[in-house]
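Trainee: Could we go through this one together? I'd like to start with a helix and what covers it.

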Amino acid sequence: MRKFNIRKVLDGLTAGSSAQPPPPAPPGPREPEVAETLQAEHFQLCKTVRHGFPYRPSALAFDPVQKILAVGTQIGALRLFGRPGVECHCQHDSGAAVIQLQFLVNEGALVSALADDTLHLWNLRQKRPAILHSLKFCRERVTFCHLPFQSKWLYVGTERGNIHIVNVESFSLSGYVVMWNKAIELSSKSHPGPVVHISDNPMDEGKLLIGFESGTVVLWDLKSKKADYRYTYDEAIHSVAWHHEGKQFICSHSDGTLTTWNVRSPARPVQTITPHGKQLKDGKKPEPCKPILKVEFKTTRAGEPFIILSGGLSYDTVGRRPCLTVMHGKSTAVLEMDYSVVDFLTLCETPYPNDFQEPYAVVVLLEKDLVLIDLAQNGYPIFENPYPLSIHESPVTCCEYFADCPVDLIPALYSVGARQKRQGYSKKEWPISGGNWGLGAQSYPEIIITGHADGSVKFWDASAITLQVLYKLKTSKVFEKPRGKDDRPSTDVVDEDPYAVQMVSWCPESRVLCVAGVSAHVLVCRFSRQEALAEVIPMLEVRLYCEMNDEGSPEGEQAPPLPTPGGSSSPQPFPLQSHPSTSSSSSGGLRDNAPCLKVKTSPLKQPPGFQTELVVQLVWVGGEPPQQITSLAVNSSYGLVVFGNCDGIAVVDYLQKAVLLSLGTADLYGSSDPHRREPRSPRKSRQPSAAGLCDISEGTVTPEDRCKSPTSGSSSTHNSDDEQKVNNFIEKAKMSRKLSLPTDLKPDLDVKDNSFSPSRSSSVASIDREAREAISALHFAETFPRKADSCLGPCLWVGTTLGSVLVLALGLPPGEEQRLLQPVVAVPSGTMLRLKGAVLRMAFLDSTGCLLPPAHLPWREHSIPEEKEEKEKAKKRRPVSVSPSSSQELGESQYAVICSEKQAKVIALPAQSCAYQQNMVETSFVLRGDVVALSASVCLACFCANGHIMTFSLPSLRPLLDVYYLPLTNMRIARTFCFTNNGQALYLVSPTEIQRLTYSQETCENLQEMLGELFTPVETPEAPNRGFFKGLFGGGAQSLDREELFGEAASGKASRSLVQHIPGPGGIEGVKGAASGVVGELARARLALDERGQKLGELEERAAAMLSSADSFSKHAHEMMLKYKDKKWYQF
């Protein structure tokens, strides 16, 4: 044909190929028939907020005037907490551990010291804090920092024992240095060790107390540049704390002792105690204890001082939890903690170190928690923590994100969740109360659901970039707990956490929740405000087993029936109802027909909230445990729940408590199976230790059209290589048992195949893998079941890991009463579509491009009987709740949007022709794809394994956004990344933190207003009054002119090779940030004017007093002159 056309052109003929209708071309981008409003300028990617407990914390600081708490981590992160709802996350680019934090109190700035010997000055006067200056120490390791209150000179101790001084305004190094060899005794022959403590005497700023690790403490006179006193103890020092009068200090040591020293008595300590040591008889020294890592010494006006310490327990307390000890007078309280103590701070009424501290609370930073203890109440109760720091209470195993939920949903969840709160908290308000809330521009409700390893499901209110726990559901309460090692029915599937949540499917409108767990169990729950008592929780057992044909390819339409109690392989108009079966063993002693978990048989009291109505469990077959569930969907309008794994699919009617369909994946195809399926060799007994994740991977790895992770090896298709890859993944699975993944989120990142073979059925190497084809996506819809159908009907669309999309037609009885009496029919319609890669997501659009959500029922309280009129309304309301428009009911066309790992297709229905197609990735694969609503339109959002986030218009699949965001560094990101409506997305960035982001330009523009402010203008409290006698005799605090002492004029310049100054990226931004916000700027200006006016008033009063004094002196002088003017010298 082509030669003929060319010959015509050469002959000068006008009837060329361009004049003829083009031959059928593969579908691709073309002019959209639907008006699309989304354009590339509507998209922009940025992080919004981070929630949860800071992962691997290492440092703690508190601003007592601004009431702001800062936490540093071992991965270089910085979290700032103000009042509930005011949080901020920052990150050091180097990723080095934060070893210490120091606030510039009430200045809106923070100094961070990192393990890579850098100091950073953060500007907190802007909503997104930025680094103003950095200082890199080149020749010495930084070990300790101290910034005195209302001082601009930072003392920096090093590993060599020296102390350098940094001007925090210019972030430059002073020439003044305290050298270790001048600080210690000249007769000492050993190095004192690194500096572990620096502080100035509360009553004399010119005296600096320096603690060395070896046990030596030096009181250094800054003016005379020499040591006044040296205090020596045999044990290493961990921390030092002053009494506010500056006459005593206390040291904590590595042998669990506390030594109290008088400043003027360096010979020996005044007191030596071992708080947790056993006091031996005959006056012997107590037994050594564990090191006291930190001690604080706080005084009160009306009572005994507080001595608070961490560590110091005796070595024989095996298994005892970490403790914080509070010593007040003669009483000693030992407060046990759930995790190791990282650091603690005592919150006091005054920021001045030379006044009575009046401590009121202790902030304890634990390894995985943040605790505030009320010191003012008996028993030292803790404050109720208002921050969302309990995300990791049990390891998170899955996440779902719902934006634009029904407005009454959050209040309903909050009301039932409020009853779950514990009692016994302190009655005082949360003391960390700094900052101001942002202006919430987002008015729509958002909910995040997290599933956990202990079987719990948590609901979080995520509206307006905040996070607050609403309600917690414990699914494990439905099951019997194993009493002993011999009574562990479930652990053959997973070694631990048999109740771990693998995925959830939730209908927010009808409040029906479906939870799938790693032990191949599914729970169907409904929301109720009333308490319920279930005599027996209904349970169904489903037998899914994938049995192959004897032939290489299926012949004929009849497939052999499966030995399942819940249905058959061929469609039946009235499928059988599944009844709970009893555990049995075959003649060979193999376990058969036994579920993994045992449901409680005693009456179960279910509190208000989500109450379990049905439990569905897959059973053992022939000595093999059931495969883990890989996909799940629920529909309240149809009353159906469907789930699948690598053996097949099961459709359950949760209203009638019956199994409608239980089919192997191959039997869904009928006679149109495109794969050659041959009988597999006898199954080897799998290792129980890896059964949970291994079985999922076997059903999903290395089909030939799947791509490999960029970090994996060659794309060989030999069986030996495949086995090696599977074994490698099994090892990974063992390491991440608690984080078991659903198949559609791709746990097998390292076992992908780069090639796509169009002739899959002829591939010998993939026969066994294709036989393990898993169900990867499920979607209920009112659409056209078959090609060229003219009427809409309820359907179930099924996607598989080999890129097949199959359709089941559902026959529902008419009317609500008939629905409970007549069976539902589920029949494969014969429709089949093909894509590259595993199918991830499916959705439907009407002819105008609007999203068609699945049908649902509105929620109503089932325990309260309704009147007949209400029932009639409900009957009429059910099919209209989200059913298509009137034009749709007449059979107008629809679009099916299907997203797989490699490509997306838009299928025109009922013609089932491919209207649009987009190959999204070539060398990578899509991990998550969601069809979401944005700006009154719809788009497809995808996250790829190569770190790219992409969006495509619908239905034309035009690329709108393609931004590199983050590489896939672990399976946690793959398991938890999800998109939702209005341009929102999230993922679990660490085991304890959720990172939220937006891909909406509008949200990015409004983000600055939505974020809270950390710094607010606050007056610094007045300094303590010295009193008349102290002022008269000089007994008060002695000030020091540090500028005169440390400035360049007095101390000279520091060595250039010692430090390197690095201007921060927030220099210019800091100036803008400091001036950002009209209200804040006006408040600061007003405060500055008030202070200036007050100072001018004081100056005027002083000038008037001086003038009056001068007049008086002049008058007296004139009188004296007149008196003695005429007298001779001998008359005086």
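Trainee: What covers the buried residues of α12?

Mentor: The cover over the buried residues of helix α12 (residues 1001-1010) includes β1 (43-52), β59 (984-990) and β60 (993-1000). Helices (H or I, at least four residues) and strands (E, at least two) are DSSP runs, numbered from the N terminus. This is a predicted model, in which local features need pLDDT of at least 70 and side-chain atom pairs count only at pLDDT 80 or more, while totals for chains, interfaces and linings use all residues. Residues are numbered from 1 along each chain as its sequence is written, and side-chain values use heavy atoms, with hydrogens and water left out.

Trainee: And which residues of α12 are buried?

Mentor: They are Gln1001, Thr1003, Cys1004, Leu1007 and Met1010, where buried means under 20% relative accessible area, exposed over 50%, and partly exposed in between (1.4 Å probe, protein chains only).

Trainee: What happens at the start of α12?

Mentor: There, a side-chain oxygen of Ser1000 comes to within 3.4 Å of the backbone nitrogen of Glu1002.

Trainee: Switching to α3, which of its residues are buried?

Mentor: In α3, which spans residues 409-417, the buried ones are Leu409, Ile410, Ala412, Leu413, Val416 and Gly417. Seen down the helix axis, they fall within an arc of 160 degrees, so they line one face of α3; the arc is taken from the directions from the helix axis to the C-beta atoms. As background, an α-helix has 3.6 residues a turn, so residues three or four places apart point the same way.

Trainee: What does that face pack against?

Mentor: The buried residues of α3 pack against β30 (446-452), β31 (456-461), β32 (468-474), β33 (501-507), β35 (521-528) and β41 (609-618).

Trainee: How many residues are in the largest nonpolar core, and which touch the most other members?

Mentor: It has 34 residues, and Leu413, Ile447, Phe459, Trp506, Leu513 and Phe610 touch the most other members. The largest share of this core, five residues, comes from α3. A nonpolar core here is a set of buried Ala, Val, Leu, Ile, Met, Phe, Trp, Tyr and Cys residues joined through side-chain atoms within 4.5 Å. Apart from this core lies another, of 25 residues, among them Leu927, Val932, Leu934 and Cys939.

Trainee: Where are Phe171 and Lys225?

Mentor: Phe171 is in the loop between β12 (163-167) and β13 (172-178), and Lys225 lies in the loop between β16 (216-221) and β17 (226-232). Phe171, although not a glycine, has a positive phi of about 50 degrees, and Lys225, also not a glycine, has a positive phi of about 55 degrees. Phe171 is buried, with a relative accessible area of 0%, whereas Lys225 counts as partly exposed at 46% relative accessibility.

Technical notes
Contact means heavy atoms within 4.5 Å. A polar contact is a pair of N or O atoms within 3.5 Å; within protein, one must be able to donate a hydrogen and the other to accept it, and residues adjacent in sequence count only if both atoms are side-chain atoms.
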